[in-house]
Amino acid sequence: MNIEDIRKNFPVTKNLIYLDNAAVAPVHSLTKKYMDEYMEHFLNFGLKDYAKWVDMMDLTREKLAKFINAKVYEIAFVKNTSAGLSIIANGIDFKQGENIIIPDIEFPSNVYPWLNLQRKGVETKFLKADKNGFLDYKNLEELIDKNTRLISISWIEFVNGFKNDLKAISQIIKNKSNEFDKKIYFCVDGIQGLGALKFDINDYDIDFIVADGHKWLLTIEGAGFMYCSEKVLDNVHPVSVGWKTVKDALNFTKINFDIRQGADKFEEGSMNVAGITSIAASMDLFAQYGMDFVEERVLGLSAYAINLFEEKGFNVVSCKEDKHRSGIVSFTTPDVEEDFLKLVSNNVQLSKRGANLRISPHFYNTKEEISKLAEILT
Ligand SMILES: Cc1ncc(COP(=O)(O)O)c(C=O)c1O
């Protein structure tokens with residue numbers, strides 16, 4: 001696969017060294033093509049032949065299911081990660097005295113939906129990261145007690161790119177569920193991994209995974225999806241409901257509150273057709289290149305960045321162990337503030353998170369771009 005051909009799909013590469021896919025990624029040419037088609041249709045024909053867009057959404061749900069190897073009825077479109085996690089938090093019948101565990105380095109989207117249950121007397125317990133910002137699952141084992149009902153964790157931690165070992169966590173949760181003879185749910189915020197790294201839902205015992213598309217999945221903002229395992233679909237009540245929640249949704253003049261059985265019961269009303277069009281475009285792009293190739297490039301580029309930054313004397317704060325490595329590389333320099341401004345004024349797009357500079361190269365980036373960043377700083 002020729003990188004120059006790939007980069008033609010990403011016109012942003014002509015303007016910027018874009019190393020900020022963990023914040024908001026640029027869109028690609030296929031997205032523009034699909035969305036132009038959608039706009040042209042509504043500009044010229046409005047609702048006529050709407051079935052075409054219903055088919056497009058059905059097909060996109062199938063593509064998403066295939067992308068993570070789930071079943072089609074386990075996929076719901078959601079507004080964003082926060083909304084998906086809130087559906088789960090509000091839909092499970094948490095009882096007073098129960099608790100939820102999350103790491104203390106999570107992005108607020110995976111914190112506030114759980115803290116919002118305080119009013120019901122549900123406690124959120126924090127799994128402390130060590131001084132390096134890494135997680136030790138032995139501490140998770142100790143934190144789970146007989147009142148624990150759910151663990152929610154990012155696949156990849158946003159601040160330093162620490163890739164959580166979802167297999168090890170699945171196993172701990174399974175053992176604890178057996179020990180306490182109760183179901184403990186496993187919920188994953190997948191936004192910093194999906195689209196960058198390969199993912200097969202069948203490799204884990206995960207009940208829920210949620211992600212918006214605007215990072216590694218390369219969609220426009222506000223177009224996300226949620227996976228809800230068929231094993232627990234009945235345990236999550238749709239809290240926000242509307243005409244589309246029910247089985248006979250198109251029979252507007254007949255009220256029959258018979259809730260759908262699939263994850264689409266969480267889609268209460270009119271859909272974000274534009275956003276789903278954008279998801280379709282990204283699914284087609286990833287299918288074209290294959291996630292083996294995408295992952296190899298992402299991890300190759302982050303490894304290159306780690307080695308180069310260390311050579312240059314920057315302090316890499318991301319975990320360097322392969323099993324905890326992702327597409328995010330966080331590092332510090334003697335003057336983070338000044339260096340950030342220097343990079344931005346040299347058309348390098350990156351982020352500052354906490355006290356760190358953070359880069360997040362995707363498969364369309366190159367080693368040369370990372371070298372250029374290092375050159376600007378030395
Ligand atoms: C781990 C994580 N979750 C969620 C989000 C974004 O949440 P939402 O999709 O609700 O905007 C981010 C954005 O930085 C993130 O890093």
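**Exercise 1.** Locate Thr219 in this predicted model and decide whether Thr219 is buried or exposed.

*Solution.* Start with the chain: Thr219 sits in the loop between β7 and β8. Next, take the count around the residue: 28 other C-beta atoms lie within 10 Å of Thr219. The cut-off for a buried residue is 20 or more. Thr219 is therefore buried.

**Exercise 2.** Find which residues Thr219 is in contact with, leaving aside its neighbours within four places in sequence.

*Solution.* The contacts of Thr219 are Thr31, Gly213, His214, Gly275, Ser278, Ile279 and Ser282. Then consider Phe252: Phe252 is 33 residues from Thr219 in sequence, and their C-alpha atoms are 32 Å apart in space.

**Exercise 3.** Describe how helices α3 and α9 cross and what their contact is made of.

*Solution.* Step one is the geometry. Helix α3 spans residues 29–44 and helix α9 residues 273–289; their axes come within 8 Å and cross at roughly 145°. The crossing is right-handed. Step two is the residues. From α3 come Leu30, Thr31, Tyr34, Met35 and Tyr38, and the α9 residues they meet include Val273, Ala274, Ser278, Ser282 and Leu285. Sorted by type, the residues of this contact are nine nonpolar, four polar and one charged.

**Exercise 4.** Work out how many residues of helix α5 (residues 81–91) are buried, and what covers them.

*Solution.* Eight of the eleven residues in α5 are buried, leaving the helix mostly covered. The buried residues are Thr81, Ser82, Gly84, Leu85, Ser86, Ile87, Ile88 and Ala89. Among the elements covering them are strands β2 (75–78), β6 (185–189), β7 (208–212) and β8 (224–228), together with helix α6 (112–115).

Methods. Residues numbered from 1 in each chain as written. Predicted model: local features only at pLDDT ≥ 70, side-chain atom pairs only at ≥ 80, totals over all residues. Axes fitted to C-alpha atoms, helices over the stretch in contact; angles between N-to-C directions. Helix = DSSP H or I, 4+ residues; strand = E, 2+ residues; numbered from the N terminus. Left-handed = near helix turned anticlockwise from the far one by under 90°. Contact = placed C-beta atoms within 7 Å. Nonpolar A, V, L, I, M, F, W, Y, C, P; charged D, E, K, R; others polar. Buried ≥ 20, exposed ≤ 12 C-beta atoms within 10 Å, placed from the backbone.
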